[in-house]
Amino acid sequence: MIIGIDLGTTNSLAAYFTEDGPKIIPNRLGKHLTPSVVSIDENEQIYVGETAKERMLMYPNASASVFKRDMGTEKKYTLRNKEFKAEELSSFILRSLKEDAEAYLGEEVTEAVISVPAYFNDARRKATKRAGELAGLKVERIISEPTAAAIAYGLYQKNKDTRFLVFDLGGGTFDVSILELFQNILEVHAVAGDNFLGGEDFTEVLVDMFLSEKGIKLEELEHKTVVHIKKQAELCKRSFISEKSPVMSCKINDEILEMTIDMDKYEKQCEKLLERIRMPIKRSLTDANVKLSDIDQVVMVGGATRLPIVHRFVSRLFKILPNTSVNPDEVVALGAAIQAAMKERNEAIKEVILTDVCPFTLGTEVSKEIEENQYESGYFYPIIERNTVIPASRTERLYTVRDNQSKLRINVLQGESRFASNNLSIGELLIDIPKAKAGEEAIDITYTYDINSILEVQVKVVSTGEIKKTIIKGQNVEMTDEEIEQRMAELSYLKIHPREQEANKLLLLKAERLYEESIGDTRKRLELELMKFDAALNTRNKGKIEDGYKRLQLVLERLTEDRDF
Ligand code: AMP
């Protein structure tokens with residue numbers, strides 16, 4: 001069986017294809033979303049998802065989250081003296097999703113189609129593939145998240161050529177992609193985004209409004225209270241969709257403070273955020289060389305697109321209603337599941353061919369004429385521009401700038417800045433040139449960037465025909481099949497916490513955290529209840545454990561209600 005997996009920064013989820021279309025696979029706790037968090041305990045037991053997220057509060061040094069950002073790099077995370085790369089941590093998430101899928105579907109899951117952001121380069125895509133392999137999954141297809149979203153909306157089935165914009169606003173990141181369907185080929189034309197903009201910023205606005213209305217200074221609050229205020233702001237924000245006059249309520253120093261949200265004021269305060277949303281949209285349109293009115297459909301992805309203010313902003317900007325009928329948290333996983341089905345039985349669903357773009361500009365360093373005959377070095381000269389469909393090859397001719405210049409150094413740069421020093425130098429090449437007057441000798445520089453993110457730089461002296469070449473592989477970390485197997489064996493002794501005990505473990509962790517946060521009678525009460533539940537667990541009697549679970553759950557609910565957490 002092949003499943004589709006959305007391996008997200010904050011949450012991950014899996015889906016499979018049925019006669020009635022794609023369906024989400026619930027995890028061991030019966031939930032659709034599994035937080036992308038990993039934690040390890042003193043017995044080298046691995047926890048994934050909500051349990052790991054809960055452990056993260058108490059054991060931050062034994063837990064990790066948001067590691068997707070480091071996929072494909074050599075960065076190591078240390079969890080209780082053990083080192084893991086992002087792909088290894090991701091493999092635990094994938095292992096857990098695989099186990100849950102197998103238990104739910106009652107059959108072995110051998111293969112997966114995994115989604116990645118459109119801007120992921122080859123090194124990051126390969127790392128994602130390896131994460132799958134380390135989890136015991138064959139991963140022949142990696143799919144770009146916006147493409148998966150477009151597929152979930154069935155946009156690939158259109159007979160007419162169409163342009164889509166995928167608007168993906170998550171908790172902390174914003175990605176825009178422009179796709180075009182052309183004769184059955186779904187092509188990503190441009191990607192742009194802001195790695196530091198997301199739903200959390202809209203929550204921050206509410207927090208600021210609340211603090212300023214109540215005359216409270218954030219610096220003077222205890223960490224616990226700040227967490228509480230943020231949580232209440234998040235709850236309030238989620239009610240915007242259904243409430244006309246939403247209320248934010250917080251308990252501070254035993255006093256309940258309430259604020260009825262003035263939506264006009266809130267929206268005014270969010271204008272700066274909307275302005276930031278506008279920028280990557282503009283950039284992607286320019287890069288794809290299309291106008292706003294050329295976009296036929298807008299697809300909404302990510303939890304924060306549920307915010308009415310975001311929805312209205314998109315409708316006004318594009319003058320069309322965005323597609324929102326598929327759950328924005330689930331749309332990518334559903335698309336990946338359709339892609340999995342396409343792979344499994346090619347004829348049943350129309351196959352989509354996908355292409356890729358180069359996510360950054362590649363160029364070199366040049367001198368520029370500032371005044372007549374006066375040159376200043378250090379400028380960036382783009383050769384392959386970002387969002388060029390790859391493979392791509394471009395040649396540019398450059399001239400000498402000094403009399404009797406005998407050498408030319410090609411500094412190979414990656415980045416978007418006008419100044420060479422702000423961009424990343426990824427290699428260099430030195431070539432001799434015949435001495436002559438400035439501007440009389442020329443070289444042709446050819447950059448060829450292939451589908452595997454390998455850049456070949458060739459320099460040819462026009463007058464002599466001399467050629468020099470170099471190959472730049474980027475930070476591509478390759479692993480052989482044997483190396484993968486060896487690492488798999490090394491990681492396999494780390495067992496994922498048994499599925500059937502997960503709910504009990506999560507409840508215990510919540511109770512333990514509450515115990516740490518409480519004092520006095522509450523603490524005593526919790527200790528008693530924890531001991532009772534421990535005793536029930538030790539009996540290994542299913543009925544007793546279930547009764548103990550219900551009891552402890554009720555106690556926790558009452559206590560947290562009182563504390564308004
Ligand atoms: P994601 O990373 O896609 O899971 O998105 C998470 C973000 O979506 C968080 O910032 C949430 O606050 C936001 N979000 C989820 N549900 C809602 C909702 N009903 N209304 C507003 N924002 C939401």
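Two strands pair if DSSP finds at least two bridges between them, strands (E, at least two residues) and helices (H or I, at least four) being DSSP runs numbered from the N terminus. On that basis, L362 stands opposite Q414 in β23. This is a predicted model, in which local features need pLDDT of at least 70 and side-chain atom pairs count only at pLDDT 80 or more, while totals for chains, interfaces and linings use all residues. Residues are numbered from 1 along each chain as its sequence is written, and side-chain values use heavy atoms, without hydrogens and water.

**Strands**

- Strand β19 (residues 362-371) pairs with strand β23 (residues 407-414) in the antiparallel sense, over three bridges.
- The order β20-β19-β23-β24 describes an open sheet of four strands with antiparallel pairing.
- β20 (374-384) and β24 (424-432) are the edge strands, each pairing on one side only.
- On average, neighbouring strands of this sheet are turned by 35° against each other, direction ignored.

**Helix packing**

- Helix α5 (residues 199-214) packs on helix α6 (residues 223-238) at an angle of about 110°, with the axes 9 Å apart; axes are lines fitted to C-alpha atoms, for helices over the stretch in contact, and angles run from 0 to 180 degrees between N-to-C directions.
- α5 is therefore roughly perpendicular to α6 (65 to 115 degrees).
- The contact (heavy atoms within 4.5 Å) involves residues including F202, L206 and F210 of α5 and I229, A233 and K237 of α6.

How values were computed
Angles under 35 degrees count as roughly parallel, over 145 as roughly antiparallel, 65 to 115 as roughly perpendicular and the rest as oblique.
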